[in-house]
Amino acid sequence: MSDDRFDEPAAADADRGYADFEFERRFFVRDLPAELRDAPALIVQSYFLADDGYALRVRVQAGDVDADLTGDTDPAEVLRAHTADIDFAAVTVKGPAVGGTRYEAERELDPSVGVELVRRGGAPVVKVRYAVWLGADGWSIDVFGGANHPLVVAECERSGPVTSLQIPDFCVTEITDDRRFSNESLAMEPYSAWAPAFAAELADEGPVFRQDFGPNTHLRM
């Protein structure tokens with residue numbers, strides 16, 4: 001005889017599947033077409049822990065806010081100016097990324113609590129995220145401000161492994177497994193501090209795109 005007290009958790013575990021994992025591929029962008037700067041969301045987030053791929057993050061987000069971010073942008077000032085616009089907040093725990101797969105567990109917070117947590121501690125990152133549909137996939141394109149300006153990163157995230165991807169031609173090189181470009185690393189070691197070294201590295205080695213996720217195809221914009 002079945003006991004529902006035991007059947008329900010088992011069913012929930014089966015349904016969870018990949019729920020606590022993220023699958024994404026990420027790319028360095030040098031010139032983002034202006035027409036793709038649509039559906040913006042201003043994001044300010046703080047990393048309370050970032051060590052060897054493990055991260056504890058609090059994020060607050062203001063939908064439909066397209067801030068003009070520069071190298072002089074102060075995340076605290078941006079948060080102060082847009083506190084009334086914040087409509088989403090969450091705390092997220094992440095594990096190290098391996099081949100475009102990463103453990104991620106997120107819990108939504110009351111926006112007012114999220115704002116105070118970001119305001120009171122952690123290493124901050126500020127960016128505007130644009131959501132666009134390109135080819136067969138939805139993409140997120142992050143334009144960073146402050147110490148990470150003028151970095152732009154495009155990512156394609158799916159509910160399962162990101163295979164046989166159509167890669168837009170504005171993607172210069174793949175950075176899926178380059179931990180320097182993870183947001184927690186950018187909070188601790190901002191892009192502006194090592195951008196010249198990366199530019200020299202890219203010039204010497206050329207662009208790289210992973211070939212082990214099925215065939216990549218070129219998407220002309």
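View 1. C171 is buried, at 7% relative accessibility; buried stands for under 20% relative accessible area, exposed for over 50%, and partly exposed for what lies in between (1.4 Å probe, protein chains only). The model shown is a predicted one, in which local features need pLDDT of at least 70 and side-chain atom pairs count only at pLDDT 80 or more, while totals for chains, interfaces and linings use all residues. Residues are numbered from 1 along each chain as its sequence is written, and side-chain values use heavy atoms, with hydrogens and water left out. A disulfide is a covalent bond between the sulfur atoms of two cysteines. Counted as a pair of cysteine sulfur atoms within 2.5 Å, disulfides number 0 in this structure. C156 is in none, and the nearest cysteine sulfur, that of C171, is 9.7 Å away. C156 is buried, with a relative accessible area of 0%.

View 2. K94 belongs to strand β4, residues 88-98; strands (E, at least two residues) and helices (H or I, at least four) are DSSP runs numbered from the N terminus. With a relative accessible area of 13%, K94 is buried. Its side chain makes a polar contact of 3.4 Å with the side chain of E22, and another of 3.2 Å joins the side chains of K94 and E104. A polar contact is a pair of N or O atoms within 3.5 Å; within protein, one must be able to donate a hydrogen and the other to accept it, and residues adjacent in sequence count only if both atoms are side-chain atoms. Not counting residues up to four places away in sequence, K94 touches E22, G53, Y54, A55, R57, R102, Y103 and E104, where contact means heavy atoms within 4.5 Å.

View 3. Side chains of opposite charge can pair when their charged atoms come close. A salt bridge is a side-chain nitrogen of Lys or Arg within 4 Å of a carboxyl oxygen of Asp or Glu; by this rule the count is 19. One of them joins the side chains of E22 and K94, at 3.4 Å from N to O. E22 lies in strand β1 (residues 21-29) and K94 in strand β4, so the pair ties together parts 72 residues apart in sequence. E22 is buried, at 4% relative accessibility.

View 4. The side chains of E24 and R26 form a salt bridge of 3.8 Å, N to O, and both residues are buried. A salt bridge of 3.0 Å, N to O, joins the side chains of E201 and R180. This pair links distant parts of the chain, with E201 in helix α5 (residues 191-205) and R180 in the loop between β10 (171-174) and α4 (183-188), 21 residues apart. E201 is partly exposed at 28% relative accessibility, and R180 is partly exposed with a relative accessible area of 29%. Through shared partners, salt bridges join E24, R26, K127, R129, D142 and E155 into one network.

**View 5. A nonpolar surface patch.** F21, F48, L49, Y54, L56, V93, Y103, V113 and L117 make a nonpolar surface patch of about 760 Å². Patches are made of residues with over 30% relative accessible area and no salt bridge, with nonpolar side chains (Val, Leu, Ile, Met, Phe, Trp, Tyr) joined within 5 Å and like charges within 9 Å; the areas come from the Shrake-Rupley method with a 1.4 Å probe, and for residues only the protein chains shown count as cover. At least two residues of the nonpolar patch come from each of β2 (40-51), β3 (54-63) and α3 (111-120). Y54 is placed in strand β3 and is partly exposed, at 45% relative accessibility.

View 6. Most residues other than glycine have a negative phi, and most peptide bonds are trans. D52, not a glycine, has a positive phi of about 55°. D52 lies in the loop between β2 and β3 and is exposed, with a relative accessible area of 55%. D64, also not a glycine, has a positive phi of about 65°. The place of D64 is the loop between β3 and α2 (75-81), and D64 is exposed, with a relative accessible area of 70%. The peptide bond from H149 to P150 is cis, with omega near 5°; P150 is in the loop between β7 (137-144) and β8.
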